[in-house]
Amino acid sequence: TEAVLVEPRALHYTTVALNSAVGVPGIDLITFAHGLNNAQFAKELVDGNTNLEKAYNEGLLRLLPLPVSDLGGDAVINKMPGMALTHANSSKANSSNCAGWRHEYTRLL
């Protein structure tokens with residue numbers, strides 16, 4: 001069975017999700033599908049974590065570049081917005097680029 005994590009943005013906490021699949025009975029391949037702009041970040045993320053690096057070297061983890069950038073992250077390394085910013089922008093979500101990025105995620109998946 002293959003576990004797939006689709007995260008085109010460069011987010012450090014992606015290691016938590018990837019690590020949660022390592023060593024799970026029945027999962028024999030983990031695919032980390034990342035954005036084209038974040039290929040180096042994805043490799044460094046794996047290399048910087050002992051469990052993920054071991055899984056990668058053993059062929060249990062693979063990196064898969066998606067044919068998209070980071071879909072609205074606007075930078076290779078993204079920081080999550082604070083709750084105040086998220087709340088302040090929520091009323092404008094339908095008229096902003098955020099709605100477009102949600103559609104791109106849906107189309108991609």
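Reply: Let's start with what covers the buried residues of α1: the list includes β1 (2-7), β2 (29-34), α2 (39-47), α3 (50-57) and β3 (61-65). Keep in mind that this is a predicted model, where local features need pLDDT of at least 70 and side-chain atom pairs count only at pLDDT 80 or more, while totals for chains, interfaces and linings use all residues. Residues are numbered from 1 along each chain as its sequence is written, and side-chain values use heavy atoms, with hydrogens and water left out.

Helices (H or I, at least four residues) and strands (E, at least two) are DSSP runs, numbered from the N terminus. Buried means under 20% relative accessible area, exposed over 50%, and partly exposed in between (1.4 Å probe, protein chains only).

Now for α1 itself, residues 14-21: its buried residues are T14, T15, L18 and A21. They sit on the same side of α1 because they cover an arc of only 125° around the axis (the arc is that of the directions from the helix axis to the C-beta atoms). After α1 comes G23, with a positive phi near 80°.

What does α1 lie across? It lies across β1, β2 and β3, running at about 175° to β1. Axes here are lines fitted to C-alpha atoms, for helices over the stretch in contact (heavy atoms within 4.5 Å), and angles run from 0 to 180 degrees between N-to-C directions. Those three strands form an open sheet in the order β1-β2-β3, with parallel pairing (two strands pair if DSSP finds at least two bridges between them).
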